[in-house]
Every structure is written in structure tokens, then in C-alpha cells.
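Here is a short briefing for a reader new to this structure. Look over the sequence and the model before reading on.

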Amino acid sequence: MGMDTGALVDRFGRTATDLRVSLTDRCNLRCSYCMPAEGLDWLPTDDVLTDDEVVRLVRIAVEQLGVREVRFTGGEPLVRRGLVDIVRRTTALRPRPETSLTTNALGLQRTAAALAEAGLDRVNVSLDTIRRDDFLTITRRDRLDDVIAGLAAAKEAGLGPVKVNAVLLRGINDAHAPELLRWCIEQGYELRFIEQMPLDAQHGWSRTEMITADEIFATLEREFVLTPAEEPRGSAPAELFAVDGGPATVGVIASVTRPFCGDCDRVRLTADGQVRNCLFAREESDLRGALRAGASDEELADRWRVAMLGKRPGHGIDDVSFLQPSRPMSAIGG
Ligand code: SAM
């Protein structure tokens, strides 16, 4: 088709090898920094890729485009009925991609063993607090116990190292960051704090309200000694620190105040089959339409490569000209 076969390279020389696949835009929590309490329209069912369509696009990414890591996300990937089968078919691809899940862990207690058996390597669980009232305030659902049970089941099933992702909100859970870290260390989970990004459906993000990485360090250093971890960071978004001399670590993902776009190796596929070359992209490339119109694997791979050429050098959140993407995180896949 005129284009060189090969990897997903952009105009700035970055190569995407890490594919984030959103399996649904639906979720059973309503985290205030992500979704409104009610009134968000779901994607029409017919627009969402079928299991076979998802697996086909993942196969093309792995076999033809050099993708080595596949992470399923959403929305909440555990609410997708075909998840275990999709994972099984993904880990059967060659070269076998490292396969993981980003999840709120609701229901993971029931599915962790089946997911591990299907070949899932790891889970990242989102948990912002271990206080029941704060959990209810943030997620608008009283489900903390289910998350804690899901985390334990993931560890038990060997889906480790289990990572926990937390977003801090001013006046709600920010002061309790050390408590969450202590609990994660006790349980053997690797905690990473993520700066809040402008991705919520209600456009409620504010640069002055968000808790910055510097504030996170200041809060943690009241109770712990943090030293930069030895291992090189590479394209990993988290800056890692040893806690009290190690071996426990804590990560900080400073997407806003210390962006790492220059090392980005990610590309996203939305639940409705659109390639997004950046979480903050303002354009998407439609693979679903081409796929359903009968495109060959090679044609789909070419479209995907072309989609990478529009990837911008940085997300520009801190620029005055920044515009929030029109689709919220739950639709894009976090
Ligand atoms: N439902 C799954 C979960 O809870 O992990 C997967 C999707 S969720 C959108 C993925 C991650 O994005 C979660 O860790 C969540 O906390 C994070 N997230 C959502 N909105 C965010 C925002 N505005 N800023 C930073 N992180 C956000």
C-alpha cells in the first residue's frame, strides 16, 4: 500500500510499543474527577467493537506494528463480558505481548483466578483512599470493601506486582496520602500517585486546585524519607522513590507539572475502534469503519501508522492555548 511496513513511529522519532485498549466506556463507579454523577451518554452498542474486532486489531498491532505491551482499560474493563476470552486470545499472540489490566477491582474477587489462568500478567488497581467515607465522596459508591477484596484476590492469583493508582483531591484525600502509602506497603502493593488531569466529562479540572507532584512529595516527606530509585525510568511515566531506604517504593506520575511526552511510547484504541495517538489528542482515526467495510490487515496497519504521524510533541496542558479533549477519560480509556 505504498507505506513501509514496520513500527508505529511518529514525526518526532518516538515509537509506540504500548497499546492501551478501552473495552467499554461504562463504569460502575462515578469518580468525581472522571465522570458526572449522572447524565453521561454511553456509546451506542453497535459502535463498540465486538470481541472478534478487538482481538483482530490487537493482533495487527502485535504482529505488524511492533506492539509489545497491551493494557486493557475503560470505562471499567471488568464489566465487559468477553474480557477473559479477549485476554486469552491476546496472550496467545506471538510475539506474546505483556498483558495487563487497569481496573477499579469491583468484581475482581470473582474473576482474578480466571484472568490469571487466561494469561493476564498484571493488574493496576485504582484506589484513592482506604477511608470508607472518602471513598464514597470520591467515587459516589459505597464499594471500598469490594475493592480491597479484589486487590487481595489479584495478589492471591499471582497478578503481581499489584500496582495501585491514586489521584489526590484537595481537601478530600490529599492529607491522607501517607496513610494510603503505609497501607499499600503493608499489603505489598506498589502505590503510584497520579496528578489530576483535565479529562473529566464535566470539565471541572482546575490547574490551581489540582494537587501537584511537589505537594505530594511534601506531604509524604512529613512521614517518610524518599530517595530517587536507582533503576532508569525509561518511558515509564512514574518517577520512582525508595521509601525509608527501600525495598518499598512509591511512584509519582506528574503528567501535568513534569510531562514526559518526549519519552511517550503509548497509543490508544477506544472502545469504538478509534486510534488516539495521545490521551489529549483532539483528533482520532477511525479503524472501525475501515474494518467493517472489509479492509485487509495490511490496510488497517497502514491506517494505524498514518494515525501516528499527527502525534504532537507534547500534550500542552500547561499552555494557554490548551483545549481539553472533547471525549472524557471514560470514553478514551485511561
Ligand atoms: N475503571 C478503570 C480504573 O478505575 O482503573 C480503568 C479506567 S480509569 C479512567 C483509569 C485511571 O484513570 C484510573 O486510575 C483513574 O483514577 C484515572 N483517572 C481518571 N480520570 C482522571 C483524571 N482526570 N486525572 C488523572 N487520572 C484520572
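Helices and strands here are DSSP runs, numbered from the N terminus; a helix has at least four residues and a strand at least two. By that scheme, arginine 140 falls in the loop between α4 (132-139) and α5 (144-156). The model is predicted.

**Ligand site**

- Which residues come nearest to the ligand? They are Tyr33, Gly75, Glu76, Ser126 and Met197, out of 17 residues around it.
- By class, the shell around the ligand holds ten polar, five nonpolar and two charged residues.
- Glycine 75 uses its backbone: an N or O atom there lies 2.8 Å from a nitrogen atom of the ligand.
- Glutamate 76 uses its side chain: a polar atom there lies 3.0 Å from a nitrogen atom of the ligand.
- Threonine 103 has a polar backbone atom 3.4 Å from an oxygen atom of the ligand.
- The ligand taken alone exposes 540 Å², and the protein buries 94% of that.
- Two elements, β5 (98-103) and β7 (163-167), each give two or more residues to the shell around the ligand.

**The sheet**

- Twelve strands form an open sheet with mixed pairing.
- Their order is β9-β10-β11-β8-β7-β6-β5-β4-β3-β12-β13-β14.
- Strands of a sheet pair through backbone hydrogen bonds, either parallel or antiparallel.
- Strand β13 (residues 274-276) pairs with β14 in the antiparallel sense, over two bridges.
- Glutamine 274 has aspartate 286, in β14, as its bridge partner.

**A helix across the sheet strands**

- Helix α9 (residues 297-308) lies across β3 (18-22), β12 (266-269), β13 and β14.
- Helix α9 runs at about 125° to β12.

**Backbone details**

- Where is proline 95? Proline 95 sits in the loop between α2 (83-91) and β5.
- The peptide bond from arginine 94 to proline 95 is cis, with omega near -5°.
- A cis peptide bond also runs from glycine 246 to proline 247, with omega near 5°.
- Proline 247 is placed in the loop between β10 (239-243) and β11 (249-253).
- Arginine 140 is not a glycine, yet its phi is positive, near 65°.

Terms used
Residues numbered from 1 in each chain as written. Predicted model: local features only at pLDDT ≥ 70, side-chain atom pairs only at ≥ 80, totals over all residues. Heavy atoms only, no water. Near = heavy atom within 4 Å. Polar contact = N/O pair within 3.5 Å; in protein donor to acceptor, adjacent residues only side chain to side chain. Areas by Shrake-Rupley, 256 points an atom, 1.4 Å probe, with all protein chains shown as cover. Nonpolar A, V, L, I, M, F, W, Y, C, P; charged D, E, K, R; others polar. Pairing = 2+ DSSP bridges. Contact = heavy atoms within 4.5 Å. Axes fitted to C-alpha atoms, helices over the stretch in contact; angles between N-to-C directions.
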